Amino acid sequence: MNAVASSLHDSRPHAPHGVGRTVALMLRLLPALLALTLVGCRPGAQAGSGAAGGQGAGGEDLVARVLFTATGSFDAQSQDKARVPGGLRRAAWREKVPFDAQQVTIQYDSDARPMTWMLEIQGPGFTARDLAGPDARAVQTDQGPGLRPAAGSRLRDTVIITRSGDLKVLTRSYATQVEPALLGAFAKP
């Protein structure tokens, strides 16, 4: 039986000639494509990342580092992890702090972490204004003066409170669940 007759009797689907080589080439190029994609996704690569505040040293995006910390991206580097009353969890960094600060502690609701968190930043190498952005609105809280980032900021649903040179950043959801006395800082002007 010749090759043509053989292929007529074979019920398996056949790929057009050269497809195997194309697939092999794509597999060899895949690591390079992934590397380029990941470089484009790094925190400092975001277009316009400094517009709402937050450019750190070397152009790195401070707001992104804070948000990555708040949502758990750096938890593996934390020195302490614990459960706290009220169904919350806590993580602390004294070494390998994710951004320019002496120590960072986060307290969060593990069921709603992206929305319900509070960061205490001790000895920051930046100001509340650096983090909140130039368009942030000043607010007064029972815990001290604070800033509400502008509506266009990635930190728009937070309040940043200054306390003796340290900072406290919390979301509206965290204030609702844990510190309702701070909800007034989220009111519209």
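Modeller: Gladly! From the N terminus on, the order of elements in the protein chain is α-α-α-β-β-β-β-α-β-β-β-β-α, that is, five helices and eight strands. Helices (H or I, at least four residues) and strands (E, at least two) are DSSP runs, numbered from the N terminus. This is a predicted model, where local features need pLDDT of at least 70 and side-chain atom pairs count only at pLDDT 80 or more, while totals for chains, interfaces and linings use all residues. Residues are numbered from 1 along each chain as its sequence is written, and side-chain values use heavy atoms, with hydrogens and water left out.

Colleague: Why is strand S6 called largely enclosed by the rest of the structure?

Modeller: Buried means under 20% relative accessible area, exposed over 50%, and partly exposed in between (1.4 Å probe, protein chains only). In S6 (residues 144-148), four of the five residues are buried, so the rest of the structure largely encloses this strand. Across the protein chain, buried residues make up 36% of the 189 residues.

Colleague: What makes S5 and S6 a pair?

Modeller: Two strands pair if DSSP finds at least two bridges between them. Strand S5 (residues 137-141) and S6 are joined by five bridges and run antiparallel, so they qualify by that rule. Arg 137 stands opposite Arg 148 in S6, and the two strands form a hairpin with two residues between them. S6 also pairs with strand S7 (residues 158-163), antiparallel and over two bridges; there, Leu 147 has Ile 160 as its bridge partner.

Colleague: Why is the contact between Arg 94 and Asp 80 called a salt bridge?

Modeller: The term asks for a side-chain nitrogen of Lys or Arg within 4 Å of a carboxyl oxygen of Asp or Glu. Here the closest N and O atoms are 2.4 Å apart, so the pair counts. Arg 94 is in the loop between strand S2 (88-93) and strand S3 (103-109), and Asp 80 is in strand S1 (residues 80-84), 14 residues apart.

Colleague: What makes Arg 113 count as a charge over a ring?

Modeller: The rule wants NZ of Lys or CZ of Arg within 6 Å of the ring centre and within 35 degrees of the ring normal. The charged end of Arg 113 sits over the ring of Tyr 108, 3.7 Å from its centre.
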